Amino acid sequence: MMNNENILLEFMNIDKQFPGVKALDDVSMSFRFGEVHALVGENGAGKSTLMKILSGVYQPSGGEIVYKGEKLKLQNPHHAQMQGISIIFQEFSLINTLDVVENVFLNREPKTSFGLFDKKKAAGMTKKLLETIGIDIDITAKIKNLSVIEQQTVEIIKALSIDADIIIMDEPSAALSDKELSKLFDIIMKLKADGKTVIYISHMLEEVFSIADRVTVLKDGRVMATEEVCDLDKDKLVSLMVGREISDIYPPRSANVGDVVLEAGDLASGKLKNVNLTLKKGEILGVAGIAGSGRTALVETLLGIERKMSGTVSLSGREVDFKNIRQAIDSGFCYIPSDRKNQGIIAPESIVVNTTITNLDNYVVRGLINRKAEEEVTKNQIELLGTKVASIDQRIEDLSGGNQQKVLLSRALLMEPEIYIINEPTRGIDVGAKHEIYKIMRDLTSRGKSIIMVSSELPEIIGMSDRILVMNQGEAAGILDQSVKTYTEEEILSLAVGHEYRLPAGGCDDEEEV
Amino acid sequence: MAARKKLNVWFTMLERLKRGAVSPGLYAALLALIVAALVMQAVTGVSFFTMSNMLNVARNFSMLGFVALGQTLVIMSGGLDLSVVAVISTGNILAASLINGNDALVFPVLLFTIVVGAAIGTVNGLLVTKRGVPPFIATLGVSIVVNGLRLIATGGIPKGNVPELLKEMGTGSFLGLPWMVIIFVIVAIFFYILLAKSSYGRRLRVTGSNPEVAVLSGINKDRVIITAYLICGALGAGAGVFLAGYTGIADNWAGNEFDINSIAAAVLGGAAIGGGSGSVQGTVIGSIILLLITNLAILAHLPIQSQMMVKGLVIILALGFFGRGKK
């Protein structure tokens, strides 16, 4: 056992009861000084609830928190901050129109003797903090002009400026490119070296293995295990999270890839430079590349969302020129965008409305919607995909990410398209649901449908794609055929960034060095 | 046993009410208002529940109802129509000056006026969709232009006579029901079906809720929004014609206050500023509540200044407390 002096914070038998649900059940775990502690679990496992308790948003229904050897009752988020517990949410809490310094010291501005904002002093302090984590940002830049990683850095600086001992990062990698991710890891290593404790919440198990010292798995509000990362492998972690063995998260590729159904020649638009691609019947074409490399621009140009400036698109040899997405839909395309919340779901509407919106005309008789037909189709889809819902009249926003994605898949399936374009099919979705979505995709290809899958998750790209199109600065940097060999993340990344690339070293190696 | 069964029936009804388009609070507010009116009548002896007053409220309600229905569509689309005052007033002037006392011209001119209103609405819609002008600015701008044109055309002094047929429509009754109310009920039923049952209603709600998803789902977003403004313009112009029949005179500013009243009625009825929700039932009840309060203030012989205050407060309360902004 660890001796107590190493423990910074301890949860002791924490319960959290919501009306009708026990979100946390007898949760006990501890965090050491200067460790990176990953918290993993499927959606609804209780990670967010636990972190909301730690950041003072919720009060526990039972149990206690011991912090620096004393019992701690957090009254509100401000109180938690004052105690040195800082949380960085997925959606940053920065003011876009203010500059870096103003954001770091928002509401805690150092004052001159006249009582005015002492910007010089604040700037000096900001610079010093940036130095401690070894990052250089233009501190006079407005937040809106910064990249996502720079914004994240500002959040981290902000946490450091109030002398946080615990920094909680909720899905910090969600909006980061791989290059930026390694930068974030560098920062986390610096924080750790300074004795800060970092709680790292992520769906990306690769990240857990890269950065974390220990990992705690939550499932259904209970702690399944806390383990040293070095004592685990990925399969074991996944089975702890899901509660059953998943032999291979990626179902096997189908063998029967057919003729070319879609061909693009010298396709160019605002962000796209002369891209050539083919898509075959029954094939999954993965589109990889770092953020901003033109992955989304490519598919949106194919679909007519973005107007193509030159080049050709042909469907089974027939040239097409889509002026808007409706025309693409009518020609047998469907599109599931990456931003589920803003571009996918109609949040306040029911599952029925969300399922049938794109092919609504099929249920309309003389201008009126045949509600019964609509409900029947929705129920069939729910059964078909195993979507977990309370009722078909439930609002889609109340579903988990995985189930929302299944509803969006249903929406696509109902159009009976030949070509599915899916942008980030499993973003923010837990492992179990991911597996199911992969199975659905495989099932589609075995029925002769073709899929273009844009993804920033390389394991997903490698595990699912028959061929991989790697984008780099608007150009196709290469097409990798996986029927010959399975490519590695390094090989794909090297193409994506245009030079030799090596992934950051795993967390276990670092552990041994310390 | 029987009692429990009855209780269950009540529960199911309550459950339906909660899930329905109209919040139960709105029904409660309406009920409370009617009780308040009854008490007021009993205590102070104001003549609220009299035939003539009820008919008066009903006619006013119909007029507001036409405009508020149009406004509901526009609000659902994510916009706001401030040009209704100009459209109603213009409809009113057009009716009086073109018909000029000739009964035979009532229906052709009504139709023509509605087309003019629809055209103005279309301009609003085009500005909002194709040019990206914020609805508030677009409709306010259009309304100033329309007001100006009307004042130039009339030279500030409205001409023309309201024909008997139109007066009958505005003030007469059929089987005890005012013509206006009959016409309104027919229109309201049509719009109920449009919003609750038709594919246009669904697309309107989805477009207001999340325009981006609407576009990605292949919905012609601009057409959906323009249609909402077009309908609002048409309904406003129609209301202007009936208003001429009701008051019996042509008035350059007949539409005054219909903008804020129609918005308040729709929002009171559950239409969310920002788009995505709203219903005919809700707007109808919202209009009734608004008019009952106004009517009570008048009957209580509050001085005109106080009436204004009461009404202003009601509207602020409506928008501030019932107004469900988009999340």
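1. In this predicted model, helix α3 (residues 51-76) of chain B and helix α8 (residues 179-197) of chain B pack at an angle of about 30°, their axes being 9 Å apart. Axes are lines fitted to C-alpha atoms, for helices over the stretch in contact, and angles run from 0 to 180 degrees between N-to-C directions. α3(B) and α8(B) are therefore roughly parallel (angles under 35 degrees; over 145 is roughly antiparallel, 65 to 115 roughly perpendicular, the rest oblique). The crossing of α3(B) past α8(B) is left-handed (the near helix is turned anticlockwise from the far one by less than a right angle; clockwise is right-handed). Among the residues making the contact are B:Ala58, B:Ser62 and B:Phe66 of α3(B) and B:Phe184, B:Ala188 and B:Phe191 of α8(B). Contact is taken as C-beta atoms, placed from the backbone, within 7 Å.

2. Conventions: the model is predicted, local features need pLDDT of at least 70, side-chain atom pairs count only at pLDDT 80 or more, and totals for chains, interfaces and linings use all residues. Residues are numbered from 1 along each chain as its sequence is written, and chains are lettered from A and ligands numbered from 1 in the order in which they are written. Helices (H or I, at least four residues) and strands (E, at least two) are DSSP runs, numbered from the N terminus.

3. α3(B) also packs on helix α12 (residues 258-268) of chain B, at an angle of about 65° and with axes 8 Å apart. The two helices are therefore roughly perpendicular, and α3(B) passes α12(B) in a right-handed crossing. The contact includes B:Leu64, B:Val67 and B:Ile75 of α3(B), and B:Phe258, B:Ile263 and B:Ala266 of α12(B).

4. Helices α4 (residues 84-99) and α5 (residues 106-130) of chain B meet at about 150°, with axes 10 Å apart. That makes α4(B) roughly antiparallel to α5(B). The crossing of α4(B) past α5(B) is right-handed. Contact residues include B:Val87, B:Gly91 and B:Leu98 of α4(B) and B:Val109, B:Val116 and B:Ile120 of α5(B).

5. Helix α9 (residues 199-209) of chain B has ten of its eleven residues buried, so it is largely enclosed by the rest of the structure. Buried means 20 or more other C-beta atoms within 10 Å of the residue's own, exposed 12 or fewer, and partly exposed in between, with C-beta atoms placed from the backbone. The buried set includes B:Arg202, B:Arg203 and B:Arg205. The cover over α9(B) includes α12 (351-356) and β18 (368-369) of chain A, together with α3, α8, α10 (211-216) and α11 (221-247) of chain B.

6. In chain A, helix α4 (residues 119-132) has 14 residues and reaches 20 Å from its first C-alpha to its last, close to the 20 Å expected (1.5 Å times one less than the number of residues). A:Ala122, A:Thr126 and A:Leu130 of α4(A) are buried. Seen down the axis, the buried residues fall within an arc of 75°, so they line one face of α4(A); the arc is that of the directions from the helix axis to the C-beta atoms. These residues pack against α3 (100-104) and α5 (148-161) of chain A. On the other side, A:Lys120, A:Lys128 and A:Glu131 are exposed. Just after α4(A), A:Gly134 has a positive phi of about 70°.

7. A:Glu150 sits in helix α5 of chain A. Because A:Glu150 has 18 C-beta neighbours inside 10 Å, it counts as partly exposed.

Key:
Two residues are in contact if their C-beta atoms, placed from the backbone, lie within 7 Å.
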